[in-house]
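Let's take a walk through this protein together. Have a look at the sequence and the 3D view, then read on.

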Amino acid sequence: MVLPPGAARAADPAGTGGPAPEAPRVLPDDPRYGHLVSRGANRFRGTPDEVRPVESTAQVVRCVQEAVRRGRRIAVRSGGHCFEDFVDHPRVRTLIDMSRMRAVGYDPALHAFAVEPGATLEEVYRLLHLGWGVTVPGGYCPDVGIGGHVSGGGYGPLCRLYGLVSDHLYAVETVVVDRAGRARSVLATREPGDPRRELWWAHTGGGGGTFGVATRYWFRSPGTSRATPPERLLPVPPATVLTFRAEWDPRELDRDAFVRLADNHGRWAERNSAPGSPAAALYAEFSLNRTTGGGGPFLFGQVTADGPEAERVLREHLDALAEGTARPASVTSRRLPWLTATLRGSGENAVGDWRLKVKSGYLRSRFTGRQLAAVHHHLTRTDTDAYGSLTLNTYGGQVNAVAPDATASAQRDSVLKLVYLAGWHTPAQDAAHLDWIRAFYRDVYADTGGVPAPGGNSDGAFVNYPDTDLADLSLNTSGVDWQTLYHGVNAPRLRRVKARWDPLGVFRHPLSVPAE
């Protein structure tokens with residue numbers, strides 16, 4: 001494997017727990033403990049008996065084997081951005097921290113780019129682009145770890161042109177535990193004749209923390225071969241992109257104007273999200289915010305097109321949004337080198353100090369008038385000071401060119417991806433914000449049991465924005481279980497993969513795939 005200088009890792013391809021030194025054992029009285037149990041962005045803090053910062057597959061095998069032998073519940077942290085307590089669950093006693101495993105490089109043996117799961121998206125983008133001029137179409141938050149990002153599907157500003165991150169996954173190395181309780185590493189590829197192919201498939205959208213510990217990913221785009229030079233094995237991003245931000249004055253948006261604005265955005269997505277559409281070059285996140293927060297709606301994103309063409313695509317999008325309603329009070333745009341824009345990400349501040357609750361949904365077509373009325377109501381309520389938002393992210397394009405069962409990411413005909421968010425600072429504010437976002441979500445999906453049940457304009461939820469409320473039958477009265485909401489037609493197949501590769505249920509959390 002050709003890796004950047006200083007990135008070499010102790011290797012143990014057979015997964016036998018060979019000569020690699022033991023991973024550090026960080027206990028609660030260790031000065032490192034506080035940092036390791038609080039990395040990432042969520043409102044939970046775990047209290048594991050030990051944290052194991054690993055640096056090789058061999059060390060992961062050893063840690064997993066020891067935890068299984070001692071009957072300790074395991075969790076794994078890559079970047080740390082989990083919106084539920086999957087890693088910080090009170091029953092987790094051994095936390096395997098992957099942040100030392102962050103190498104990125106070309107592997108001539110598999111003729112693919114190898115990426116360790118502790119690498120952040122920022123590191124992946126920078127090293128792939130500067131080394132070979134390629135990238136993966138991942139997310140907008142540079143400090144997210146790629147480990148869970150890939151296994152949940154992974155999307156971002158380039159997905160409308162190149163599909164999901166997981167669409168480019170060629171192979172995965174995973175530490176699993178067999179029925180005899182033996183930990184070992186296995187390599188699974190997307191090759192049709194690979195007997196372990198189903199384990200690869202499960203990592204293309206089945207979610208993290210379910211099948212084992214992913215210790216290395218390899219990326220090579222579909223349609224490439226061993227004859228393809230490394231500089232063409234993955235998407236080649238443009239030299240520059242047009243970044244933009246548009247803001248609306250909330251004083252110019254009464255209920256009707258607000259509803260028309262949001263409806264226009266959905267209408268544009270319906271018309272411009274087919275695979276190959278010229279408008280697939282535009283990626284936008286349209287954030288509709290609580291008016292008590294003081295700000296109005298804003299739109300930001302980028303256009304991956306050259307010169308005048310990018311300006312035209314952006315102008316036509318803004319014109320479509322403003323049809324019959326308010327125009328943005330301000331619009332700023334700037335052409336930047338692709339990597340510069342990508343490393344800046346969404347431009348939002350780090351959210352590690354926030355307490356967050358996130359919900360999600362997919363839209364095959366725009367919201368109905370009743371749904372938009374519910375959105376407006378909850379964003380303008382005066383009986384609560386809860387802060388939150390609903391963001392409508394453009395989707396579709398090349399994402400929709402893939403069959404629902406080709407990867408574990410089943411939602412392949414959606415045009416918008418939705419993020420419902422509540423954010424606050426102190427535990428004393430928990431109840432008010434949880435009540436607000438739950439009522440908001442329930443009312444938007446009142447016609448389908450309080451959740452985005454597949455059918456009509458909805459197509460379930462995004463597994464990388466986990467929401468344990470979907471498994472609560474007092475909140476989900478749709479008759480559709482949470483597995484179907486997240487995994488659609490692929491839920492039974494994922495259960496079969498779980499039964500084969502984690503028969504003892506070693507890797508589990510509140511929304512992990514159960515065995516069939």
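## More charged pairs

Side chains of opposite charge can pair when their charged atoms come close. How many salt bridges does the model have? The count comes to 40.

Take Asp-469 and Lys-357, whose side chains meet in a salt bridge at 3.8 Å, N to O. Asp-469 lies in the loop between helix H11 (430–444) and helix H12 (482–487), and Lys-357 is in strand S13 (355–363), so this pair ties together parts that are 112 residues apart in sequence. Asp-469 is buried at 5% relative accessible area, and Lys-357 is buried at 1%.

Now try Arg-327 and Asp-319, another salt bridge, where the closest N and O atoms are 3.0 Å apart. Here Arg-327 is partly exposed, with a relative accessible area of 45%, and Asp-319 is partly exposed too, at 37%. Salt bridges can also join up into a network: Glu-22, Arg-25, Glu-50, Arg-52, Glu-66, Arg-70 and Arg-72 are linked in that way.

## The nonpolar cores

Next, look inside. The largest nonpolar core has 60 residues. Which residues have the most contacts inside it? They are Trp-248, Leu-299, Val-303, Phe-367, Val-375, Leu-418 and Tyr-420. Helix H7 (residues 255–271) gives the most to this core, with seven residues.

Zoom in on Val-375. Beyond its neighbours within four places in sequence, Val-375 is in contact with Phe-258, Leu-288, Phe-367, Leu-390, Phe-440 and Val-444. Apart from this core lies another one, made of 41 residues, and Val-104, Ala-119, Val-124 and Ala-188 are among them.

## Helix H11

H11 has 15 residues and spans 21 Å from its first C-alpha to its last, close to the 21 Å expected at 1.5 Å a residue. An α-helix has 3.6 residues a turn, so residues three or four places apart point the same way. The buried residues of H11 include His-433, Trp-436, Ile-437, Phe-440 and Val-444.

What do the buried residues of H11 pack against? They pack against S13, helix H10 (369–380), S14 and S15.

## A threonine in a loop

Thr-224 is found in the loop between strand S8 (213–219) and strand S9 (240–247). Thr-224 has a relative accessibility of 18%; the cut-off for buried is under 20%, so Thr-224 counts as buried.

The side chain of Thr-224 reaches the backbone oxygen of Ser-221 at 2.6 Å. Setting aside neighbours within four places in sequence, Thr-224 is in contact with Arg-190, Arg-232 and Leu-233.

## How confident is the prediction?

The protein chain averages a pLDDT of 93, and 94% of the residues score at least 70. Where does pLDDT stay under 50? That happens over residues 1–17, for which the model has 38 contacts beyond four places in sequence.

Conventions
Residues numbered from 1 in each chain as written. Predicted model: local features only at pLDDT ≥ 70, side-chain atom pairs only at ≥ 80, totals over all residues. Heavy atoms only, no water. pLDDT = per-residue confidence, 0-100. Contact = heavy atoms within 4.5 Å. Helix = DSSP H or I, 4+ residues; strand = E, 2+ residues; numbered from the N terminus. Buried < 20%, exposed > 50% of the residue type's maximum accessible area, 1.4 Å probe, protein only. Polar contact = N/O pair within 3.5 Å; in protein donor to acceptor, adjacent residues only side chain to side chain. Salt bridge = Lys/Arg side-chain N within 4 Å of Asp/Glu carboxyl O. Core = buried A, V, L, I, M, F, W, Y, C linked by side-chain atoms within 4.5 Å. Expected span 1.5 Å × (residues − 1).
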